[in-house]
Amino acid sequence: MSETIGVFEVENRVFPPPEHFVGQANADDRSMYTEAEADYEAFWARQARELITWDKDFDTTLEWDLPFAKWFVGGELNITANCLDRHVEAGNGDKIAYLWEGEPGDTKTLTYAELLTEVKKFANVLKGLGLEKGDRVAIYMPMILELPIAMLGCARIGVAHSVIFGGFSADAIVDRCDDAQAKLIITADGGYRKGSASALKPTVDAALASGAPSVENVIVANRCDLNPDMVEGRDIWWHEAMAAASDDCPAEPMDAEQLLYILYTSGTTAKPKGIMHTVGGYLTQVAFTHKYVFDIKPETDIYWCAADIGWVTGHSYIVYGPLANGVTSVMYEGTPDTPDKDRLWDIIERYKVTQLYTAPTAIRMFMKWGVQEPQKHDLSTLRVLGTVGEPINPEAWMWYHEHIGGENTPIVDTWWQTETGGNMITPLPGVTATKPGSACHPIPGVFAELVDDDGNTVTNGGGYLTITKPWPSMLRGIWGDPQRYKDTYWSRFEGRYFAGDGAKLDDDGYLWLLGRVDDVMNISGHRISTAEVESALVDHPTVAEAAVVGSNDDVTGQAIIGYVILRGGNEASVELGNEIREHVGTKLGKIARPKTVIIVPDLPKTRSGKIMRRLLRDVADGRELGDTTTLADPSVVNEIATRAAEGGDED
């Protein structure tokens, strides 16, 4: 079944693309890889011309002044014309762009023609407020249709948007608006989450009371009838502004390097980094990857990326990629367990979803809830399953494969980042034989290598993941701080983009992502990935989810501390904790066996579902807990600290 390299377990289970899938796939052989390897600039130029409509053709594919790239130089396009106008002009205006469902169960559909009209009107609302090409606006909204309308309205006139996830605090809004010098915040009174209305407008008010003086106006969409305070002369109701706006707003051609958006990534010790993406290269790569990674058939597919638009996944694979390819997307407002734990499977059955793109964290949560939930529904319309956000452990991959994909649906495990803009390492479902837990290979036109501490290329085993050539959707820098861009991404290994992630190559040339390098523990001189140990913990039949951190240890430098959530029907005990601990030792070797396994009721997660391992390290080392304000449930950490104080399982 598997073998071990050091303490790294490599899957030997291989799943070729199903025969029925290969026969109809957009890509069913390696010809694109061969083409890109021969001349990657010519490859991307062909994709740009085939997938994108240009108002003016580009004359130079790439200008590369390391680390600064310009793609499709001299070309002009309007990204919203590519996402909307050209589909309407081709006679597809009646095609549904979004099948939207609110958490309470209300639904809306928006056709491409209707979406285009709304985008034109909102662009005119922005113009009426004095916004011009090059200005920046912040968007702080729930998962409602006004969110993509706002983004596209900005893009139509060259205003850069900065979307702020709706779970972030007032301080986060101030930081981002101050850095970008945003002139406008677009928000809503609230959104529905876990069965009730969650207010957003008061957070914006609190932010503007404490900072962000560049903000002149606030546009407020009414989602929940919360009747928020409206500041006269500053705040504007969305519906009133739209009612007064004209729907005549031609798409203005933009330079290929026109700034499209800024998306901030959190910094642990420094201020958030404003990642910049531009229109031409970004749209080319997200349209390409969306089409080929998810095998999109616009005529028949119902595609669902179950992410939040507040993150880059939503930008690329809910808004720009799907709309560029003219497909129908599902968009859902709420949580997957409201009103019941089968909400996602119910949506898939009702809308006849063909592609599902979600996170390993969600899949492990579904595992915890049990197979009876998806078994209530007909999931046979699914053609491609995708994962995003973190490495997926083989057990979760197999559960997804068996219980959601019916053992007959390709899984594309995608690695990429806010900084990369689009998918970088992933199988192509009609080409790649997949291994559970491996992102497999870089896409055509992307070139990755592993290197050791000295920058030497690693051809087998572990190393740092680097990208060796520029790619179209790469970040164009950090807003206002080109030196930080160089220092953060290009200084560790000369001439290489360092992603900050570790990975391993197996004998077959498959890449196994191990997570951030700060999630690689040094145990008695051995580098052990938290992802490896977490995968072994979840392999135990009683464990639903796990998180691992390195704790300071006088003898070994670091000791492995495991936190586990049990599957339903299992009771926590010292004996079970020891059994789970020994299971890891059996799977990976004693060097990787946790010093302690702590059985907990839940894990500290942000509102986007990411586990905050920093807090788990604080608990393990007995430190005072850091900021917990971004957690979905801050009380979880206190419960974990109590469990840890009661003692784990060690010898």
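**Exercise 1.** What volume does the largest cavity have?

*Solution.* Keep in mind that this is a predicted model. Start with the count: the structure holds 1 cavity of 30 Å³ or more. Next, its size: the largest cavity has a volume of about 30 Å³.

**Exercise 2.** Which residues lie nearest the centre of the second largest pocket?

*Solution.* First, the volume of the second largest pocket is about 360 Å³. Then check its lining: 19 residues, with H441, P442, V446, F447 and A448 lying nearest the centre. Two elements, α2 (31-38) and β23 (448-451), each give two or more residues to this lining. By class, the lining splits into 12 nonpolar, 4 polar and 3 charged residues.

**Exercise 3.** Where is the kink in helix α4 centred?

*Solution.* Find helix α4 at residues 79-92. Follow it along to D85, where a kink of about 40 degrees is centred. Then ask about burial: D85 is buried, and so are I79, T80, N82, C83, L84, R86 and H87 in α4.

**Exercise 4.** Over which residues is the pLDDT below 50?

*Solution.* Begin with the whole chain: its mean pLDDT is 93, and 95% of its residues reach 70 or more. The stretch you want is residues 1-8, where the pLDDT is below 50. Beyond near neighbours in sequence, this stretch has 25 contacts in the model.

Key
Residues numbered from 1 in each chain as written. Predicted model: local features only at pLDDT ≥ 70, side-chain atom pairs only at ≥ 80, totals over all residues. Heavy atoms only, no water. 1 Å grid on protein atoms, 1.4 Å probe; cavity = no way out; pocket = protein on both sides within 12 Å on 5 of 7 lines; lining within 4 Å. Points joined across faces, edges and corners; volume = space filled by probe spheres on them. pLDDT = per-residue confidence, 0-100. Contact = heavy atoms within 4.5 Å. Bend = angle between axes of the 7 residues up to and from the residue. Helix = DSSP H or I, 4+ residues; strand = E, 2+ residues; numbered from the N terminus. Buried < 20%, exposed > 50% of the residue type's maximum accessible area, 1.4 Å probe, protein only. Nonpolar A, V, L, I, M, F, W, Y, C, P; charged D, E, K, R; others polar.
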